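Student: I am new to this structure. Could you show me how to read it, one feature at a time?

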Amino acid sequence: MTQWKIYGILTAVMIVWGFNLASVKYMVEFVDPVTLTAFRILLAGLSVMGILASFRMLRWPAKSDWKFIFLGSLLNVVAHHYFLSNGLSLTTGSNAGLILGTGPMLTAVLVSLIMRNYPSKLQWLGVVVGFAGVAATVLVGNGAATGLNVGDVFVFISILAQVLSYIVIANAARSLDPRLLTGYMFIVGAVVLFIISLIQEPGEIRTFATVPTSFWIAFAFSAMLGTAVGHMLYNYSIGQAGPTKAAIFMNLNTLFSLVGASVILNEEITVGHIYGLVLIVIGVLFGSGAAEDLLKKRRKRLSS
C-alpha cells in the first residue's frame, strides 16, 4: 500500500476519533466510566474478530506474540481507556481533545529516548511549547484560581499510556498482523476492565436498562466504528509508517475533537482553546522532528 493511501486512512481515522471522543463524553453521563468502557471495548473486540474472520485472517497467535498482546492490552486498552473514560467524566470534551493532541510530540520524544537517539534542541523546544499549549487549555477549562482538574491529569495519563503502547505495537508488527493484535488486545483488555468495574462500580451494569435510544446509537458508533475499525486501521498504519509518522496525524484528531465537542456536546470553543491548539500544533511540529526535516530539505535545495 502506498504512503498516500496510508495517510488517507490515518486522516479518516482521525475524523472518526474526533467525534468518538465527544460520543464517549456523552455516554459517561448515563453509565459510570469503567463499566461503560468494559462493554464498549468488548463489543469492539468482537467486531474486530468478526471482521478478521470474514476475511479469513483470524488465527491463534504464536507463543512469542502473547507478551506483546498482554503488554499492549494493559497499555493501549486498560490504562488508556480507563483513564480516558474517567477523565472525560471530570473534564470537558474540548479540553480532552486538546490534551490528546500532545500524542505526536510524546511519541517522537519517547521513541527517541528509548532508541537512545536523543531529541534535538528543536524537539525539546517543541516539548516546552506543546506543554504550554496544554497548560493554556487546562486554565481555559478550569480557571487559574481553581487549580488543576484531575480529569485533565487522567486524560494526559491516558495519552501517555497509548503512546507507550505504540512502541509495543510497532515491535509486535514484525511477527503479528497489527489488526489481529488489536482484536486480541481488546478481548483481553475488556476482561480486565470488567473485573475492575465489578470492584469499583458494583451493580452499575443495571443502568444500561435505563439509558435512552441516543445512548445506544453513540455506543454502537463508538465501539464498532470509532474503536474497532479505528484502532484496527491505526495500528495497521503504525506497522506500515512507524509510530512517529502515524502519530503526527493526531493533530487532526485534536481539531476534530473540538468540532465534535461543539456539534455533539454544544460546548463553547473559546479564544483560549484556539491559542492552546496553535501552541500544541507548533509543539508537535517541532517535537516530532517534522519542522527540522523541512528545514534540512530547504537547506539542501538551496545548496544544490
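This is a predicted model: local features need pLDDT of at least 70, side-chain atom pairs count only at pLDDT 80 or more; totals for chains, interfaces and linings use all residues.

Student: What is the angle between H3 and H8, and how far apart are their axes?

Tutor: Two packed helices are described by the angle between their axes and the distance between the axes. Here helix H3 (residues 66–88) and helix H8 (residues 178–200) pack at about 50 degrees, with axes 8 Å apart. Helices are DSSP runs (H or I, at least four residues), numbered from the N terminus, and axes are lines fitted to C-alpha atoms over the stretch in contact, with angles from 0 to 180 degrees between N-to-C directions.

Student: Which residues make the contact between H3 and H8?

Tutor: Contact means heavy atoms within 4.5 Å. Among the residues involved are Trp 66, Ile 69 and Tyr 82 of H3 and Leu 181, Val 188 and Gln 200 of H8. By class, the contact of H3 with H8 has 16 nonpolar, six polar and no charged residues.

Student: How many residues are in the largest nonpolar core?

Tutor: In soluble globular proteins, nonpolar side chains tend to be buried together. A nonpolar core is a set of buried Ala, Val, Leu, Ile, Met, Phe, Trp, Tyr and Cys residues joined through side-chain atoms within 4.5 Å; buried means under 20% relative accessible area, exposed over 50% and partly exposed in between (1.4 Å probe, protein chains only). The largest core here has 40 residues, and Ile 69, Leu 181, Leu 193 and Tyr 234 have the most contacts inside it. H8 gives the largest share of this core, eight residues.

Student: Is Met 14 buried or exposed?

Tutor: Met 14 is buried, with a relative accessible area of 0%, and lies in helix H1. Met 14 and Phe 249 are 235 residues apart in sequence and 7.2 Å apart in space, C-alpha to C-alpha.

Student: What is the phi of Arg 56?

Tutor: Most residues other than glycine have a negative phi. Arg 56 is not a glycine, although its phi is positive, about 55 degrees. Arg 56 sits in the loop between H2 and H3 and is exposed, with a relative accessible area of 82%.

Terms used:
Residues are numbered from 1 along each chain as its sequence is written. Side-chain values use heavy atoms; hydrogens and water are left out. Helices (H or I, at least four residues) and strands (E, at least two) are DSSP runs, numbered from the N terminus. Ala, Val, Leu, Ile, Met, Phe, Trp, Tyr, Cys and Pro count as nonpolar, Asp, Glu, Lys and Arg as charged, and the others, Gly among them, as polar.
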